[in-house]
Amino acid sequence: MANILVVDDELGIRDLLFEILNDEGHNVELAENAAEARAARQRARPDLVLLDIWMPDTDGVTLLKEWSTAGLLTMPVVMMSGHATIDTAVDATRIGAFAFLEKPITMQKLLKAVEQGLARESARRAAASVVPAAASNSFAAAVTTVNDSAMMPTPLQAVVVDAGPQSNQSFDLDRPLRDARDGFEKAYFEFHLAMENGSMTRVAEKTGLERTHLYRKLKQLGVDLSRGRRSAV
């Protein structure tokens, strides 16, 4: 679950983006102008920002440049506009914007930009946490060798990785067909919800069902929709 800041002076767009991103399992904060965006950036430290270019007090490009100059552009920023020129989009990219979305924004393009932006941010954080070469050499020297076989130090052996839902499950077939079928379908949808981090959009695409039909099906089977979503950091 990511923290996403949406900055747009149009109430309808803010509400629409909030609904879509919240449905995808993200924490979403809204700002209608640059002043609110500055406060939200300082308070919430978002993982990604969706920033409108044309706003009444301070335009999005100016705010982007302000964050870049102050060293606050530590998250991907996706610019949005229905009237921006190519030059404006290029300028925003040069300043440090991750991507540009032209309004009206389709849900597919929105989710793709958000997914790619969060993936880049995740990769950046992972790279920042990489142990320096000197420390890595020290760690390698601490590995104990027995009979020419390298063994990892004891502390790392205690790490347990959650394997998540299992793709292979056993079902009780000694019961009525309807009950057995419902049990299989529930496990099937719970598996895909977990694999797609609770994204109803991607589960619908994966299973070939319309979202409305999918919602009804999950409710009928008693599937807990909150279980598949990512835990907050």
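How many helices and strands are there in the chain? The chain has ten helices and seven strands, where helices (H or I, at least four residues) and strands (E, at least two) are DSSP runs numbered from the N terminus.

1. Basis of the note. This is a predicted model, in which local features need pLDDT of at least 70 and side-chain atom pairs count only at pLDDT 80 or more, while totals for chains, interfaces and linings use all residues. Residues are numbered from 1 along each chain as its sequence is written, and side-chain values use heavy atoms, with hydrogens and water left out.

2. Whole-chain values. Of the 233 residues in the chain, 34% are buried; buried means under 20% relative accessible area, exposed over 50%, and partly exposed in between, with a 1.4 Å probe and protein chains only. The chain exposes about 14,300 Å², of which carbon and sulfur atoms supply 54%. Accessible areas come from the Shrake-Rupley method with a 1.4 Å probe, and for residues only the protein chains shown count as cover. Among contacts (heavy atoms within 4.5 Å) with a separation of 6 or more, 62% are between residues 24 or more positions apart.

3. Largest nonpolar core. A nonpolar core is a set of buried Ala, Val, Leu, Ile, Met, Phe, Trp, Tyr and Cys residues joined through side-chain atoms within 4.5 Å. The largest one has 19 residues, and those with the most contacts inside it are Val-7, Val-49, Leu-51, Leu-64, Val-77 and Met-79. At least two residues of this core come from each of β1 (3-7), α2 (34-44), β3 (48-52), α3 (60-69) and β4 (77-81). Helix α3 gives the largest share, four residues. In soluble globular proteins, nonpolar side chains tend to be buried together.

4. Leu-51 and the second core. Not counting residues up to four places away in sequence, Leu-51 touches Val-7, Gly-60, Leu-63, Leu-64, Val-77, Val-78, Met-79 and Met-80. A second, separate core has 18 residues, including Val-6, Ile-20, Leu-21 and Met-80.

5. Packing of α1 and α5. Helix α1 (residues 11-23) packs against α5 at an angle of about 60°, with the axes 11 Å apart. That makes α1 oblique to α5. Angles under 35 degrees count as roughly parallel, over 145 as roughly antiparallel, 65 to 115 as roughly perpendicular and the rest as oblique. Axes are lines fitted to C-alpha atoms, for helices over the stretch in contact, and angles run from 0 to 180 degrees between N-to-C directions. The contact is made by Leu-17, Ile-20 and Leu-21 of α1 with Met-107, Leu-110, Leu-111 and Val-114 of α5.

6. Packing of α2 and α3. The angle between α2 and α3 is about 30°, with their axes 11 Å apart. The two helices, α2 and α3, are therefore roughly parallel to each other. Ala-34, Ala-37, Arg-38 and Arg-41 of α2 make the contact with Leu-63, Glu-66 and Trp-67 of α3. Here too α2 passes α3 in a right-handed crossing.

7. Thr-88. This residue lies in helix α4 (residues 86-95). Thr-88 is buried because its relative accessible area is 18%. Apart from neighbours within four places in sequence, Thr-88 is in contact with Ile-53 and Val-61.

8. Backbone points to check. Lys-103 and Pro-104 are joined by a cis peptide bond, with omega about -5°. Pro-104 is placed in the loop between β5 (99-102) and α5 (107-128). Arg-45, a residue other than glycine, has a positive phi near 50°, and Arg-45 is in the loop between α2 and β3.

How values were computed: Left-handed = near helix turned anticlockwise from the far one by under 90°.
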